[in-house]
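This report goes through a structure by its helix packing, its chain contact and its sheets. The sequence and the coordinates come first.

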Amino acid sequence: MLAIYKREMRAYFTTPQGYLFMAIFLCASGFLFSLTTLLMQSSDTATYFQFLMYGYIVLVPLLTMKSFAEEKKAKTEQLLLTAPVSLWGMVMAKFLAAFTMFFGTVVISMLYYLVLGLYGDPNWAKVIGCTVAMILIGSCFIAIGLFISALTENQFVAAMGTMGVLAGLVVVAVINGIIDSYAIRLVLDWLSIYSRFTNFTQGIFDFASAFYYVSLCAVFLFLSVRVYEKRRFA
Amino acid sequence: MVEVSNLVKAFGQKLALDDVSFSVSEGEILGFLGPNGAGKSTTLNIMTGYLSANSGSVKIGGIDILENPDEAKKQIGFLPEQPPLYMDMTVDEYLSFVYELKNCKYNRKKHLDEVCHVTKLTDVRHRVIKNLSKGYKQRVGIAQALVGNPKVLVFDEPTVGLDPKQIIEVRNLIRTLGREHTVILSTHILSEVQAVCDRIVIINGGKILCDKPTDSVSSAINKNSRYKLKICGPQREVMAALRETEGVEHVEVTSEREKDSCTYIVESTGASDVRKAVFYKMCEGEWPIIGMAPEGLSLEEVFMKLTEEGSAETKKRRK
């Protein structure tokens with residue numbers, strides 16, 4: 001498992017993929033950050049995080065699209081699947097590699113808070129709560145991206161599919177405003193990643209939602225393992 | 001060492017393997033022979049744990065690949081049809097990755113030096129795999145299978161796409177490996193198994209047709225000797241004369257034609273050598289023989305023969 005993790009990390013940095021991801025992530029988040037706080041002369045980070053979630057829709061697929069799709073296309077998965085490594089080990093290694101990239105970039109983007117702290121008086125508890133929630137949401141998105149990458153051998157399809165699903169998950173909250181039926185609204189609200197984030201932006205660390213994000217992530221990792229198990233039998 | 005019993009595998013409606021069983025003993029080189037689409041790769045993929053069978057079992061050194069996959073997989077080195085190479089790594093990086101992936105417990109440098117030495121990769125160890133030639137890529141694939149020194153080596157069509165010199169090199173390499181490992185090798189080239197393997201398993205349409213030592217298969221195949229003759233002379237008369245020749249059982253004309261010569265395939269019965277008789281016969285008519293060569297059987301013909309023999313034997317038994 002460690003071997004696969006190391007190879008994945010190496011692949012992120014020997015191809016433009018990792019650098020592109022970091023560059024685009026930092027450009028987009030930097031732009032959003034200055035737009036929502038510095039230019040607005042506000043120390044409230046709620047809008048920044050909410051916009052950033054839309055950014056994730058495009059950013060996360062950059063990280064996950066080739067994870068399984070490329071291995072399938074190059075037939076290298078045969079090496080992994082006939083090596084003494086469990087399917088869980090393989091999926092977790094890929095997940096952790098993508099997560100490391102993501103987490104590392106988020107850590108770099110925390111430099112922005114420094115500016116905020118120097119020139120403003122932000123509510124640190126809220127900033128930290130939101131950051132943690134955003135990291136959980138990111139890992140959730142990565143798991144979804146990996147699952148979709150495991151379904152196809154075409155990286156482009158994996159990327160577009162992931163963007164579609166992620167956009168769906170985030171946009172559900174917006175559609176929710178125009179649905180009349182209370183029951184449907186309640187269910188969608190419960191499911192929506194975006195709606196569940198609202199509490200964090202108000203400075204509440206919502207454990208139920210945090211748990212929801214972690215479980216959603218686990219479910220999609222489990223599904224990725226199942227995809228591979230099923231393919232052995234089909 | 002390897003025991004495959006009653007494998008059945010269906011892809012949707014298509015039955016790819018139908019009750020395939022065979023076993024390989026330690027130190028043996030087994031040739032797995034069959035035309036494209038016969039089920040060779042499917043069998044090998046199931047043996048190495050890449051696919052699962054619908055029913056049946058595979059045991060490597062007594063360990064079931066489904067019950068204890070990690071232990072069983074440790075004993076196998078697998079070269080799939082398309083070598084599983086990460087093109088943007090160097091040979092060294094790639095082999096180190098495989099070393100770690102297989103969780104080996106040797107002295108890494110020494111072990112990889114050895115593997116590279118055996119596969120003659122030492123000169124290209126620092127080159128990126130995508131820049132290597134097809135032959136080298138294939139050797140990296142073989143090296144990958146050798147890492148961890150597994151007892152069983154499984155090679156799926158290891159010589160496809162190589163040039164003749166490389167084919168000979170790879171065959172020699174496999175023969176050398178066969179001294180210390182149990183090797184299973186799939187191919188659709190008959191001469192390849194004859195050159196390398198101790199035993200041949202022939203598969204077609206998902207069924208095993210024959211499982212015999214190489215010598216006995218060769219002699220079964222060569223029972224009728226066939227010759228390809230190039231003779232100048234009027235086709236009809238030459239044909240007639242050839243048919244009259246003693247010991248000749250079957251004559252046919254091929255479509256190969258030159259100015260004044262035709263090419264004939266002559267089959268003789270049993271062990272009798274008809275070459276001299278044919279020569280004297282042709283002398284009588286003053287038709288010069290300008291070419292004569294033994295003609296091997298094609299794989300399809302071998303199948304025909306083996307299946308015919310198989311069904312004849314069962315008929316005899318029934319009687």
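## Helix crossing in chain A

In this predicted model, α6(A) passes α12(A) in a right-handed crossing. Helix α6 of chain A covers residues 87-109 and helix α12 of chain A covers residues 207-233; their axes come within 9 Å and cross at roughly 130 degrees. Angles over 145 degrees count as roughly antiparallel and those from 65 to 115 as roughly perpendicular, so α6(A) and α12(A) are oblique to each other.

On the α6(A) side the contact is made by A:Leu87, A:Trp88, A:Val91 and A:Phe95. These meet A:Leu221, A:Ser224, A:Val225, A:Tyr228 and A:Glu229 of α12(A). By class, the contact of α6(A) with α12(A) holds 7 nonpolar residues, 1 polar residue and 1 charged residue.

## A:Trp88

A:Trp88 lies in helix α6 of chain A and is one of the residues that meet α12(A).

A:Trp88 and A:Met1 are separated by 87 residues in sequence, while their C-alpha atoms are 8.9 Å apart in space.

## Contact between the chains

Chain A puts 17 residues into the contact and chain B puts in 20 residues. On the side of chain A that touches chain B, at least two residues each come from α1 (2-14), α5 (77-81) and α12 of chain A. Of the elements of chain A, α1(A) gives the most to this side, with 5 residues. The residues on this side of chain A divide into 9 nonpolar, 5 polar and 3 charged.

## Six-stranded sheet of chain B

Chain B has an open sheet of 6 strands in the order β6-β7-β8-β3-β9-β10, with mixed pairing. Its edge strands are β6 (76-79) and β10 of chain B, each of which pairs on one side only. From one strand to the next, the twist averages 15 degrees. Helix α1 of chain B (residues 40-47) packs on this sheet and touches β3 (29-33), β7 (152-156), β8 (182-187) and β9 of chain B. The direction of this helix makes about 150 degrees with that of β7(B). Helix α5 of chain B (residues 134-146) lies across β6 and β7 of chain B and runs at about 165 degrees to β6(B).

Strands β9 (residues 199-204) and β10 (residues 207-213) of chain B pair in the antiparallel sense over 6 bridges. B:Val201 has B:Asp211 in β10(B) as its bridge partner, and B:Ile202 stands opposite B:Cys210 in β10(B). The hairpin of β9(B) and β10(B) has 2 residues between the strands, and B:Gly205 takes a positive phi near 55 degrees there.

## Four-stranded sheet of chain B

Another open sheet of chain B has 4 strands in the order β12-β13-β11-β14, with antiparallel pairing. Strands β12 (248-257) and β14 (289-294) of chain B are at its edges, each pairing on one side only. The twist here averages 20 degrees from one strand to the next.

Within this sheet, β11 (residues 226-232) and β13 (residues 261-268) of chain B run antiparallel and are joined by 7 bridges. B:Lys228 has B:Ile265 in β13(B) as its bridge partner. Helix α9 of chain B (residues 235-244) packs on the sheet, where it touches β11, β12 and β13 of chain B. Its direction makes about 155 degrees with that of β12(B).

Methods:
Residues are numbered from 1 along each chain as its sequence is written. Chains are lettered from A and ligands numbered from 1 in the order in which they are written. This is a predicted model: local features need pLDDT of at least 70, side-chain atom pairs count only at pLDDT 80 or more; totals for chains, interfaces and linings use all residues. Axes are lines fitted to C-alpha atoms, for helices over the stretch in contact, and angles run from 0 to 180 degrees between N-to-C directions. Angles under 35 degrees count as roughly parallel, over 145 as roughly antiparallel, 65 to 115 as roughly perpendicular and the rest as oblique. A crossing is left-handed if the near helix is turned anticlockwise from the far one by less than a right angle, and right-handed if clockwise. Two residues are in contact if their C-beta atoms, placed from the backbone, lie within 7 Å. Ala, Val, Leu, Ile, Met, Phe, Trp, Tyr, Cys and Pro count as nonpolar, Asp, Glu, Lys and Arg as charged, and the others, Gly among them, as polar. Two strands pair if DSSP finds at least two bridges between them.
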